[in-house]
Amino acid sequence: MRATSILSGTARTPLIRFVGKRSVPKSIDHSPRVHPASPTGSLPDSFATYRAKAQQHGPLGRSSFNSTVGGTAGAALGPVKPQAGEFFDRAELPSRFGRLPWTQAEIDAIETGGASMFA
Amino acid sequence: MFRAVLPRATPRSALRHAGPRAIPNNFATSMIFIGQSKRGFASEAGDHDLVIIGGGVAGYVAAIKAGQEGLKTACIEKRGKLGGTCLNVGCIPSKSLLNNSHLYHQVLHDTKKRGIEVGDVKLNLTQMMKAKDTSVDGLTKGIEFLLKKNGVDYVKGAGSFVDANTIKVALNEGGEQTLRAKNIIIATGSEATGFPGLNIDEKRIITSTGALALTEVPKKMTVIGGGIIGLEMASVWSRLGAEVTVVEFLGQIGGPGMDAEIAKQAQKILGKQGIKFKTGTKVVSGDDSGSTISLNIEAAKGGKEEVLDADVVLVAIGRRPYTEGLNLEQVGIEKDDRGRLVIDQEYRTKLPHIRVVGDCTFGPMLAHKAEEEAVAAIEYIKTGYGHVNYAAIPSVMYTHPEVAWVGQNEAEIKASGVKYRVGSFPFSANSRAKTNLDTEGVVKFIADAETDRVLGVHIIGPGAGEMIAEATLAIEYGASSEDIARTCHAHPTLSEAFKEAAMATYSKPIHF
């Protein structure tokens, strides 16, 4: 009885823990910081100054995101659905939305009922 | 009708290249076709999502991972063979020679007491080198296959920056190719550091590369540098019959990181095997004009000069980043005072789309560290999040017995002011080591005195390089020595020594 109570009172809790399924954190700060294995423990100023002025697929600096073209998410600009009575012609859309031209092979395949694919 | 199963965004180029024969003839094959045409970020047909300069461990692992993640990837390598230093002139060939020279040495000196009578044992160095080359060839070809399997374009040539997104490749077979990429990874590795005044010809004055390809066993060999590379090569040639002397500037062998107590034991054991050591000694100058090479040495703190003669001198004083010919100035990528490319926590240089992994940047020059970084760098590109724990990177010296460690050593912990406990267990008290007649060495644990969390594990003994994986896992997951001690280990195995050392740290071992 005494042994049981002693044992229950001193139950060991492992230090190692199951951390669960690994997942990408929802919020990540991508601003440049010093690399964990850096011998100097510091990052040159050039990293911050480059980002402040550089353009790569849009400005890199966080502060400039709000005021320029592309600084606002598409969703925030409202729906692109045509209003009642309004129609878009496919020809007005960028070419990537256009119909792809038929190739001769496809035309032949249709006309021969698929036989040309095995010719 | 055939296009019905293809998304509208399917690149026209993909369709164009497909040709009439590639038109899918049923739904299942159509879906495969879609999967293959799916790409990450590149917009133009000729652009790559990622170009990797260097096909060594860091480069090829990044290339495979990128291919798996659906990035249109190219990998540039000028050696003509993938795998870099590790596979071609480093880890892999050295392990082949270490293993086979150990077998030779064992057959020569360690069979009688085991009840094995052997006859005339001879060394066939040419065949030993051939066995090494076969291993290397098989592995490098295997990597080439893996790149192909994962859709990576393998470009044989030397890459250099034209601008921040353009790499010009001087092709090995002649001519030039230009690659454009949204992301670039520099993984050009490292090279052996030379010694001032000694001209490396890889025949008489050699680096580790030459030490893996000697055509005959030198009578006398001097190794400058008692780090891991120096000691592994010293072991190989000493086992094969050379009279080897290791000159080390520091007071202990093994280089930085190896626990002083373990290093002392390693020196004693290797000394018994016939290697001579001159620690706390510096090489002042060398002369290779005669039939032998003479080195003038003296105590590191100053003292009487001594002359060492040798047929072959191995310079193993360290490695330095190799970034020659990349034209880094063109894009303004910075180096530190030791030539390492400066990066932030996501492996980005000043230019965020150019990343650096492996030996040519910060951290220990280890192949497994480079692999971890390569995977993390691709994850940063793809998901914005990657993971490398620099506190849990193991180091292994593949001598016999092997030496391996992970985490901090005792001197480092002492200096940090943390209160700690040490527990150790000798292999001489381990049943499996006894049956193997291979009992030299010890497992040493260092744990936080208050929390019992494992801070460092240091092993010298048979199979230490394999055993350190358990310690690395323990440190990665923040285990206590009691966690390990209460985990069942199979009997009779060498790993029981590991468990008993953990027991010795938090309480007492059973068998010692």
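Begin by colouring chain B by domain: the assignment, which comes from an automatic or database source, gives domain 1 (46-114 + 121-190 + 319-388), domain 2 (203-316) and domain 3 (400-504). The model is predicted, and local features need pLDDT of at least 70, side-chain atom pairs count only at pLDDT 80 or more, and totals for chains, interfaces and linings use all residues. Residues are numbered from 1 along each chain as its sequence is written, chains are lettered from A and ligands numbered from 1 in the order in which they are written, and side-chain values use heavy atoms, with hydrogens and water left out.

**Domain 1 against domain 2 in chain B**

Select domain 1 and domain 2 of chain B; their centres, taken over C-alpha atoms, are 28 Å apart. The contact (heavy atoms within 4.5 Å) takes 17 residues from domain 1 of chain B and 17 residues from domain 2 of chain B. About 1300 Å² is buried between these two domains, and carbon and sulfur atoms give 70% of that area. Buried area is the accessible area (1.4 Å probe) that two parts lose on being put together, summed over both. On the side of domain 1 of chain B, show Val89(B), Leu98(B) and Leu125(B), which lose the most area to domain 2 of chain B, together 34% of what that side buries.

Next, display Lys95(B) and Glu232(B), whose side chains form a salt bridge (3.5 Å, N to O). The rule, a side-chain nitrogen of Lys or Arg within 4 Å of a carboxyl oxygen of Asp or Glu, finds 1 salt bridge across this domain interface. Polar contacts number 4 residue pairs here, both residues at pLDDT 80 or more. Such a contact is a pair of N or O atoms within 3.5 Å; within protein, one must be able to donate a hydrogen and the other to accept it, and residues adjacent in sequence count only if both atoms are side-chain atoms.

Now highlight helix 5 (91-109) and helix 6 (125-149) of chain B, the elements that give two or more residues to the side of domain 1 of chain B that touches domain 2 of chain B. Helix 5 of chain B gives the most to that side, with 9 residues. Helices (H or I, at least four residues) and strands (E, at least two) are DSSP runs, numbered from the N terminus.

**Chain A against chain B**

Turn to the two chains, where the contact takes 44 residues from chain A and 43 residues from chain B. The area buried between chain A and chain B is about 3600 Å², with 60% given by carbon and sulfur atoms. Select Arg12(A), His35(A) and Leu100(A): they supply 18% of the area that chain A buries against chain B, more than any other three residues.

There are 3 salt bridges between chain A and chain B. In one salt bridge, the side chains of Arg12(A) and Glu482(B) meet (3.5 Å, N to O). Another pair to display is Asp344(B) with Arg51(A), a salt bridge whose closest N and O atoms are 3.6 Å apart. Asp344(B) lies in the loop between strand 15 (319-321) and strand 16 (354-356) of chain B and Arg51(A) in helix 2 of chain A, so the pair joins two chains.

**Annotated positions**

Finally, select the positions that UniProt, in an unreviewed entry, lists for "binding site", among them Lys95(B), Gly159(B), Ser190(B), Asp359(B) and His368(B). The listed positions span 274 residues in sequence, and the farthest two C-alpha atoms are 30.2 Å apart, so they do not all gather at one spot. UniProt positions are given in the numbering used here, feature names are shortened, and annotations may be inferred rather than shown by experiment. Ser190(B) is placed in strand 6 (residues 190-192) of chain B.
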